[in-house]
Amino acid sequence: MKIKSKAINLVCAILIISIHLTANAQNENLANAVKKELQRSMTELKKEQIPPYFISYYITETESNQITASFGKIETNMESKFRLLDIDLRVGSYNFDNKHIVRGSTNFGSSGMPSINIPLNDDEAAIRNLIWTATDKAYKSAIESYEKALSNQAVKIAEEDTSSDFSKETPSQFSEPFIHKYYPNNIDKNAAAPFMVDTAKWSGILRRLSGKFNNYKWLYEGTVSFTAGVRNKFYTNSEGTELKFPETYARVFVSVKTKADDGMSLPLHKSYFAFKCEDLPDEAAITKDIDEMLVLLNSLRSAPLATTFSGPAILSGEASGVFFHEIFGHRVEGHREKDPTSSQTFKNSIGTRILPDFMSVVFDPTCKKLRNTELSGYYQFDDEGVKGQKVVSVKNGIFEKFLMSRCPIEGFPHSNGHGRKQAGYNPVTRQSNLIVESSKTVNTTELKKMLVDEAKKQNKEYGLYFEKVSGGFTFTTRYIPNSFNVTPLVVYKIYVDGRPDELVRGVDLIGTPLSTFANILAADDNIETFNGICGAESGGVPVSASSPSILVSTIEVQKKVKSQAKLPILPAP
């Protein structure tokens with residue numbers, strides 16, 4: 001029996017090695033097809049009256065699983081695999097090209113780029129044929145856009161920012177083997193695999209976790225979802241950059257929702273992120289979190305409505321991270337400084353103080369883990385082939401740098417590795433891992449005492465504590481007042497007379513950036529991280545925001561929109 005078992009294991013090992021060799025050979029065939037067509041396109045199109053000066057081909061091969069369970073039953077169990085090719089083709093010159101902003105247009109940096117689905121099997125002839133037709137279409141579109149940009153420049157006033165349209169960057173070469181998913185239910189569980197996805201295991205976990213919702217008749221919605229996948233990326237351009245590397249991700253997301261008697265919807269969410277499925281929290285840890293969520297959600301049902309308020313508040317580390325992501329991060333994405341419709345909040349702020357002298361803000365895509373928490377905004381190279389770089393945007397309160405893609409702005413001629421996109425979109429400057437740092441901290445107890453003291457100073461009955469938020473949005477154009485709105489889920493009143501903290505509901509956190517920054521008084525010594533997906537003009541990209549809790553002297557809340565629909569007529573079955 002032992003000899004037979006070893007023989008079986010040997011066969012499995014040989015099988016896996018064979019799979020690796022075949023996959024790697026196929027990947028090389030794919031890369032060769034793309035490189036050949038890139039060389040041919042550049043050579044032949046140079047004969048045209050307006051030739052391209054730059055072409056890049058970017059292949060994203062995605063293998064993913066998604067499982068969703070609700071009230072103890074599996075609702076979705078999907079597996080997908082596809083390859084998408086994105087083409088960036090530029091005519092003109094680095095100084096002025098077809099991507100030049102057309103003033104009066106409303107889609108600066110927001111349109112999708114030419115992209116096509118390509119075969120999963122590496123048929124070189126088929127792949128090259130698809131690239132050929134897509135490149136032809138991209139070239140003709142580029143010529144049309146270039147001519148529009150030239151005409152627009154001729155009839156408009158002189159531009160404020162005369163920097164180039166595309167930066168010159170040093171070509172990079174980097175290669176890591178592509179990896180693929182393995183399923184323990186199909187292949188020997190003892191075999192080594194780079195990315196394991198045990199769908200049977202996770203289906204069982206999700207059924208059990210979501211089955212807990214059946215015990216709460218007042219719960220309207222309750223889902224637990226699991227997503228995991230590999231994105232194998234191949235990027236090459238006419239400048240000589242060639243990159244090949246994999247990215248992996250695994251997420252669990254818990255979402256529950258009920259309603260108060262007055263019709264207000266009350267959601268709570270909890271998310272978990274890791275680069276490998278086995279590094280996600282175990283079932284017991286998630287079960288404990290769900291139990292706590294349901295107790296809190298039940299308390300929210302009977303919590304009093306908060307009123308409009310302007311006064312001191314503490315934002316938890318998670319809430320503060322989202323707060324900085326929304327009201328600061330989007331305003332230092334460099335490409336917005338070139339857009340004449342943008343508010344350009346910090347355009348003239350280089351070298352000036354915008355935060356207290358004890359605070360710094362860093363964006364670091366090279367940081368994979370912070371205080372034992374994995375950061376979803378980690379990457380090696382951005383989506384323009386530039387190596388990810390740590391950017392100290394604010395140092396000791398002084399604003400120093402914008403985040404940059406290959407779209408230069410005055411004073412910042414080069415990328416710092418923050419040109420990002422979802423497959424199928426044009427890359428623009430986007431955030432990565434935002435980290436708020438404080439050189440002067442107090443413990444959490446002392447920060448709460450400072451909140452009470454500040455409320456007394458302002459003759460307020462209470463201050464607010466924002467514990468959990470679900471996200472938010474901000475406006476950065478000149479056509480709309482430059483405000484922000486962060487959506488709190490859990491808010492407490494902290495009374496100055498010593499009464500117990502009171503859970504309240506029904507408010508949104510609002511304000512304007514510069515005045516809010518000026519009101520930050522202190523930070524605690526406990527860093528919390530919010531991992532999520534940020535949606536903007538270049539699609540959804542994974543990001544994280546890490547921050548200590550902060551005390552703000554004055555913050556404003558307004559009443560949240562509330563449903564006018566009656567509660568269900570019949571009780572839950």
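Which residues touch the most other members of the largest nonpolar core? The legends below give the answer, view by view. The model shown is predicted.

**View 1. The whole chain, for orientation.** The protein chain has 573 residues, and 52% of them count as buried. Seven helices and 26 strands make up its list of helices and strands. Take the contacts in the protein chain with a separation of 6 or more: residues 24 or more positions apart account for 77% of them.

**View 2. The largest nonpolar core.** In soluble globular proteins, nonpolar side chains tend to be buried together. Here, the largest nonpolar core holds 47 residues. Trp202, Phe226 and Leu268 touch the most other members. Eight elements each supply at least two residues of this core: β1, α3 (199–211), β7 (221–237), β8 (242–259), β9 (265–274), α4 (283–302), α6 (444–457) and β20 (484–495). Helix α4 gives the largest share, seven residues.

**View 3. Close-up on Phe226.** Neighbours within four places in sequence are left aside here. Phe226 is then in contact with Asn65, Gln66 and Ile67, among others. Its contacts also include Val197, Trp202 and Leu206. Arg251, Val252, Cys277 and Leu280 complete the list. Look for Trp202 in particular: like Phe226, Trp202 is named among the residues that touch the most other members of the largest core.

**View 4. The largest cavity.** Rolling a probe the size of a water molecule over the atoms shows where empty space is left. The count comes to three cavities of 30 Å³ or more. About 60 Å³ of space lies in the largest cavity. Eleven residues line the largest cavity, and the closest to its centre are Ser56, Asp88, Tyr235, Asp383 and Pro427. Strand β1 (residues 52–70) provides the largest share of the lining, three residues. By type, the lining divides into six nonpolar residues, one polar and four charged.

View 5. Strands of a sheet pair through backbone hydrogen bonds, either parallel or antiparallel. In this sheet, the order is β15-β14-β11-β18-β25-β24, and the pairing is mixed. The edge strands, β15 (398–399) and β24 (528–536), each pair on one side only.

View 6. Strand β14 (residues 391–395) pairs with β15 in the antiparallel sense, over two bridges. Find Lys395: its bridge partner in β15 is Ile398.

Conventions: Residues are numbered from 1 along each chain as its sequence is written. This is a predicted model: local features need pLDDT of at least 70, side-chain atom pairs count only at pLDDT 80 or more; totals for chains, interfaces and linings use all residues. Side-chain values use heavy atoms; hydrogens and water are left out. On a 1 Å grid over the protein atoms alone, a cavity is a set of points where a 1.4 Å probe fits but cannot get out, and a pocket is an open set with protein on both sides within 12 Å along at least five of seven lines; lining residues have an atom within 4 Å of a point. Grid points are joined across faces, edges and corners, and a volume is the space filled by probe spheres set on the points. Helices (H or I, at least four residues) and strands (E, at least two) are DSSP runs, numbered from the N terminus. Ala, Val, Leu, Ile, Met, Phe, Trp, Tyr, Cys and Pro count as nonpolar, Asp, Glu, Lys and Arg as charged, and the others, Gly among them, as polar. A nonpolar core is a set of buried Ala, Val, Leu, Ile, Met, Phe, Trp, Tyr and Cys residues joined through side-chain atoms within 4.5 Å. Buried means under 20% relative accessible area, exposed over 50%, partly exposed in between (1.4 Å probe, protein chains only). Contact means heavy atoms within 4.5 Å. Two strands pair if DSSP finds at least two bridges between them.
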